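Let's take a short tour of this protein, looking at its open and closed spaces and then at one of its helices. Have the structure at hand as you read.

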Amino acid sequence: MDAREAAMLALNAGERQGGWSEGELKKRLAAAGLDSRDAALATRLCYGVLQNRILLDFRLGQFSRLPLGRMESKVRQILRLGACQLLFFDRIPHSAAVNSAVALTKRYSKNPRAAGMVNGVLRNLERNLDRLPAIPKGDISEYFSILYSHPQWLVDMLLPLLGEKETEELLTANNTPPPTSAVVNPLRTTPEALLVRLAEEGAEAELHPWLEGCLLLGKTGDLEALPAFQQGLLHIQDPASRLAVLASGASPGMRVLDVCAAPGGKSFSAAMQMEGKGEVLACDLHPHKKRLLEAGARRLGLSCLTAGTADGRVFRPEWDAAFDLVLVDAPCSGLGVIRKKPDIREKDPAALEGLPPVQKAILANAARYVRPGGALLYSTCTLLTRENEDVVHGFLAERPDFKAEAFTLPGPVGVCPTGSVTLWPQRHGTDGFFLCKLRREG
């Protein structure tokens, strides 16, 4: 099995399951025994198809008499992979992209004529790369949807919020892979010392331009294999998530509850911000995630953190008014992290409409755990008003003893006088993220 075959099988499995399975790709790569170079190619091919699927299908549709929806699933993925290489991979010879697609089709298609069809479509696309038919510009929403491969319903929601210019900037940012960011563990090292250590281990790193204690990483290879990672000198976290913890005001000696903690980034950052003094109870609904939280805390040396299992919607009487700070990183549509998880754009919008009631229930229950005078931080990694501001406003209408509290964050974020802020990839260089700080009157 080579890189293209592994990528095709992983994409096909993801489409059958109704969503992208990164675990499926890892399983295929391990079974194939691919070296690091071929494994990296398979990964880039998968993400390339997921990131550009709407545009790829549009281009293929211009050169194929048979609609993609009527093709065998694996043939459809083979065509997308071939077109992705022709359109976006400058270092791959066109002949290699087409010939490998034909060979894969011969191996996996039940139709003896499919290989000829794949060859014809891709050769026709190749011949026209310098004169591709224009994407219709009559409807700006449809145009952006095709050009940047975002669902039109999402573009329709963004345009009134951002206008044409900034919507295009956001869609462009979503199609640009971000650098890997890491938070330095101040209990074990300093940013300067860690930079030296990472250089010795062959990894590229630099200080974040405006977020203290944060590094931007590059060319790390298998990050988890680095001794610096294994020894708990850093943990991977987007600046947006780190900013949420800064806004929360977590400080030494506090008793903190994180009700939706997995994979643990905010809990770990809170414990570090507290200098390991106090108590952080990190809970999640699923028992296997409790083990992940415990493993992360051990690696980072965070003895003040305890992992637990809990349903954020179900009241725990023993926690009533027991915490100085409660973190609610609510389950959400994830539309702020498309640049890292390109498959999110494939989500069924109808299924997302059921999220706000869940978010409201978790927030209302978590508020009962905040002591008088304590703080509550609500956050999501989505950009939809109905999951962000609307949830908070509904909560405040029912709980007049909570008030939004202003805070200040570093860099381009600055002062947040209303107690909430939306972070945007195109403005801040972070994940798309909403956070709101509330204070319970005491």
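In this predicted model, the second largest pocket has a volume of about 370 Å³. Its lining is made up of Arg37, Asp38, Ala40, Leu41, Arg44, Phe88, Phe89, Asp90, Arg91 and Ile92. Helix α3, which covers residues 36–51, gives the most to this lining, with five residues.

Now for the closed spaces. There are three cavities of 30 Å³ or more. Around the largest cavity you will find His150, Leu154, Leu158, Leu170, Leu171, Asn174, Leu335, Ile338, Leu383 and Leu384.

Here are the two spaces side by side:

| Space | Volume | Lining residues |
|---|---|---|
| Second largest pocket | about 370 Å³ | five nonpolar, no polar, five charged |
| Largest cavity | about 50 Å³ | eight nonpolar, two polar, no charged |

Next, turn to helix α7, residues 114–127. This helix has 14 residues and reaches 20 Å from its first C-alpha to its last, close to the 20 Å expected at 1.5 Å a residue.

Which residues of α7 are buried? They are Ala114, Ala115, Val118, Val121, Leu122 and Leu125. These residues lie on the same side of α7 because they cover an arc of only 135 degrees around the axis.

Note on methods: Residues are numbered from 1 along each chain as its sequence is written. This is a predicted model: local features need pLDDT of at least 70, side-chain atom pairs count only at pLDDT 80 or more; totals for chains, interfaces and linings use all residues. Side-chain values use heavy atoms; hydrogens and water are left out. Helices (H or I, at least four residues) and strands (E, at least two) are DSSP runs, numbered from the N terminus. The expected span of a helix is 1.5 Å times one less than its number of residues. Buried means under 20% relative accessible area, exposed over 50%, partly exposed in between (1.4 Å probe, protein chains only). The arc is that of the directions from the helix axis to the C-beta atoms. On a 1 Å grid over the protein atoms alone, a cavity is a set of points where a 1.4 Å probe fits but cannot get out, and a pocket is an open set with protein on both sides within 12 Å along at least five of seven lines; lining residues have an atom within 4 Å of a point. Grid points are joined across faces, edges and corners, and a volume is the space filled by probe spheres set on the points. Ala, Val, Leu, Ile, Met, Phe, Trp, Tyr, Cys and Pro count as nonpolar, Asp, Glu, Lys and Arg as charged, and the others, Gly among them, as polar.
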